[in-house]
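Try each task before you read its solution.

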Amino acid sequence: MRHRKTGEKTIGVIDIGSNSVRLVVYEELTRSLAPIFNEKVLCGLGRAVQTTGLLGESEVGKALVALRRFRTLCRVMKVGRVYAIATAACRDASNGPAFIAKAEQICGVEIDILSGAREAQLSALGVVSGVYKPDGIVGDLGGGSLELIDVRGYRVHSGVTLPLGGLALQDNAQKSIKKAERIVKATISKVAQLQGGEGRTFYAVGGTWRALARIHIIQSGYPLRVMHGYTLSAADALAFVRRLRRLVVAGTLADIETVAEARRPLLAYAALVLEYIIVTAKPDRIVFSTFGVREGMLFEMLPERVRQEDGLISTARMMNDLRARAPRHADDLIDWTDRFVKAVKLPETEEDRRLRHAACLLSDIGWRAHPDYRGDETLHVIANGNFGTTTHEARVFLALAVYFRYAGIGEKNQPRTGLRVLLTPPMVERARLIGQLLRVGHLISASHPGVLPATHFRNRKNKLILTFENRIGGLAGDRINSRFRQCLKLVGRTGAVEVV
């Protein structure tokens with residue numbers, strides 16, 4: 001496959017899994033990955049590997065057809081660099097090497113057949129890249145295998161691979177759920193990596209587990225349809241997978257049509273594996289991650305200093321650079337709101353500060369929309385954005401803060417969305433405060449850099465005074481004074497605007 005000229009930054013990953021064959025093309029290799037193309041074909045390469053030791057002929061044929069399309073797509077899209085990986089089915093099947101040889105000839109790139117340990121490591125790195133300060137056990141359930149590995153922050157420990165992927169389990173159990181349960185129970189009980197999971201988080205990676213989460217989102221009426229970061233308590237997850245397994249076996253599961261037809265037979269097996277992981281590891285909660293092996297592989301390629309960056313801030317900065325009128329103004333806002341928080345002695349945790357900074361970076365991304373709809377449009381862009389390193393609650397907080405920045409905080413300006421139910425009342429009030437503070441900052445400067453540094457906060461007795469240096473004194477006015485007083489009211493203060 002031809003590589004693009006120097007400076008053409010797109011990067012593609014061909015992922016030959018035991019169930020699906022996928023091509024994902026990313027805009028460039030950065031801390032904040034932005035997929036610009038994503039296509040998968042459910043080929044079922046690992047459907048009979050456990051019992052026959054072979055990749056099926058029809059499955060191989062389907063995979064090779066998909067790979068030919070992927071190569072052509074990469075050429076049409078002029079993808080700069082292409083990497084290819086293969087997992088459990090290809091490493092376990094006796095005819096795996098022959099298939100890989102044909103696949104390499106088609107793709108024009110070398111295919112890295114990942115060992116189980118390597119696959120576990122990359123899955124964990126994917127979670128590290130997509131979850132803020134992860135702490136728990138990562139489980140990546142594919143078609144052929146289950147990888148389990150402990151992760152704490154940026155530290156990834158040794159992992160284990162087990163033949164409990166959906167297709168492999170179905171094959172070993174001869175499509176009997178009762179036999180599958182005996183296999184899972186006997187296998188999971190021996191896994192040392194799960195012993196350190198009590199009271200921590202279990203990060204569920206893999207398409208079939210995501211399918212389970214999608215069904216839960218629909219059936220529970222959850223207001224946000226973003227998969228990454230979707231969280232269930234362990235008790236809720238356990239009750240759900242047990243109920244789902246019974247319904248799947250009985251053929252009475254509602255909303256199963258939301259799952260790809262080729263995945264539906266695997267739902268009960270995926271539910272079974274998650275059930276015994278919860279029972280054995282005793283985690284506190286289950287977090288579903290769309291970041292896995294592919295993202296982990298690219299994350300590993302980044303320089304150490306880039307890997308250490310906060311993914312949310314990196315994404316917010318990228319969106320600011322792409323969409324804001326004057327990107328440098330966001331840094332003025334960060335400094336200006338820092339000074340406000342210090343002046344009013346506003347209690348603020350590390351996470352509060354992180355979200356406030358992200359809100360500053362996102363506060364001008366909606367300016368091109370019609371003024372009547374800027375709040376609503378930015379709310380949906382942020383709440384449903386394709387990025388990680390944040391919780392659903394944080395997404396909604398940021399979405400509301402920027403909504404209020406555009407729409408105002410009056411009762412008549414409340415967003416027409418059910419997302420507020422994901423936040424506590426104090427979080428909604430904080431979003432209103434940040435939104436109003438951003439309204440003041442943007443009004444003062446007309447969203448232009450270099451202006452806010454010439455304004456200062458002064459405590460005078462019980463009042464907070466916003467002072468303008470004389471050189472920009474003409475920018476002060478009644479409208480700014482009114483918005484500033486509204487902002488102070490939210491923190492129980494009074495104040496005024498002055499020119500010095």
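By class, the lining of the largest cavity has five nonpolar, 14 polar and eight charged residues. Keep in mind that this is a predicted model.

**Exercise 1. The largest cavity**

Find out how many cavities of 30 Å³ or more there are, and describe the lining of the largest cavity.

Solution. 
- Step 1: Start with the idea behind the search. Rolling a probe the size of a water molecule over the atoms shows where empty space is left.
- Step 2: The count gives three cavities of 30 Å³ or more. The volume of the largest cavity is about 420 Å³.
- Step 3: Its lining is made of 27 residues, and those closest to the centre are Asp-15, Ser-20, Asp-140, Gly-142 and Arg-294.
- Step 4: Now look for the elements that give two or more residues to this lining: they are strand 2 (20–26), strand 6 (135–141), helix 8 (207–220) and helix 11 (293–301).

**Exercise 2. The second largest cavity**

Which residues line the second largest cavity, and which element gives the largest share of the lining?

Solution. 
- Step 1: The second largest cavity holds about 40 Å³ of space.
- Step 2: Its lining consists of Ser-18, Gly-46, Val-49, Gln-50, Ala-88, Ala-89, Asp-92, Gly-144 and Ala-168.
- Step 3: The largest share, three residues, comes from helix 3.
- Step 4: Sorted by class, the lining has four nonpolar residues, four polar and one charged.

**Exercise 3. The largest pocket**

Describe the largest pocket by its volume, its lining and the classes of its residues.

Solution. 
- Step 1: The largest pocket contains about 690 Å³ of space.
- Step 2: Of the 40 residues that line the largest pocket, Asn-38, Arg-210, Thr-290, Glu-295 and Asn-386 lie nearest its centre.
- Step 3: At least two residues of the lining come from each of strand 2, strand 3 (35–42), helix 8, helix 11 and helix 13 (311–323).
- Step 4: The classes come to 15 nonpolar, 15 polar and 10 charged residues.

**Exercise 4. Helix 9 and helix 10**

Are helix 9 and helix 10 roughly parallel or roughly antiparallel?

Solution. 
- Step 1: The axes of helix 9 (residues 234–250) and helix 10 (residues 267–281) cross at roughly 150 degrees and come within 9 Å.
- Step 2: Angles over 145 degrees count as roughly antiparallel, so helix 9 is roughly antiparallel to helix 10.
- Step 3: The crossing of these two helices is left-handed.
- Step 4: Residues in the contact include Leu-238, Val-241 and Arg-245 of helix 9 and Ala-271, Leu-274 and Glu-275 of helix 10. By class, the contact has 13 nonpolar residues, no polar ones and three charged.

**Exercise 5. Helix 16 and helix 17**

At what angle do helix 16 and helix 17 pack, and is their crossing left-handed or right-handed?

Solution. 
- Step 1: Helix 16 (residues 374–383) packs against helix 17 (residues 392–407) at an angle of about 165 degrees, and their axes are 8 Å apart.
- Step 2: With that angle, helix 16 is therefore roughly antiparallel to helix 17.
- Step 3: The crossing of helix 16 and helix 17 is right-handed.
- Step 4: Among the residues that meet are Leu-379 and Ile-382 in helix 16, and Leu-398, Val-402 and Tyr-406 in helix 17. The contact divides into nine nonpolar, two polar and three charged residues.

Notes: Residues numbered from 1 in each chain as written. Predicted model: local features only at pLDDT ≥ 70, side-chain atom pairs only at ≥ 80, totals over all residues. Heavy atoms only, no water. 1 Å grid on protein atoms, 1.4 Å probe; cavity = no way out; pocket = protein on both sides within 12 Å on 5 of 7 lines; lining within 4 Å. Points joined across faces, edges and corners; volume = space filled by probe spheres on them. Helix = DSSP H or I, 4+ residues; strand = E, 2+ residues; numbered from the N terminus. Nonpolar A, V, L, I, M, F, W, Y, C, P; charged D, E, K, R; others polar. Axes fitted to C-alpha atoms, helices over the stretch in contact; angles between N-to-C directions. Parallel < 35°, antiparallel > 145°, perpendicular 65-115°, else oblique. Left-handed = near helix turned anticlockwise from the far one by under 90°. Contact = heavy atoms within 4.5 Å.
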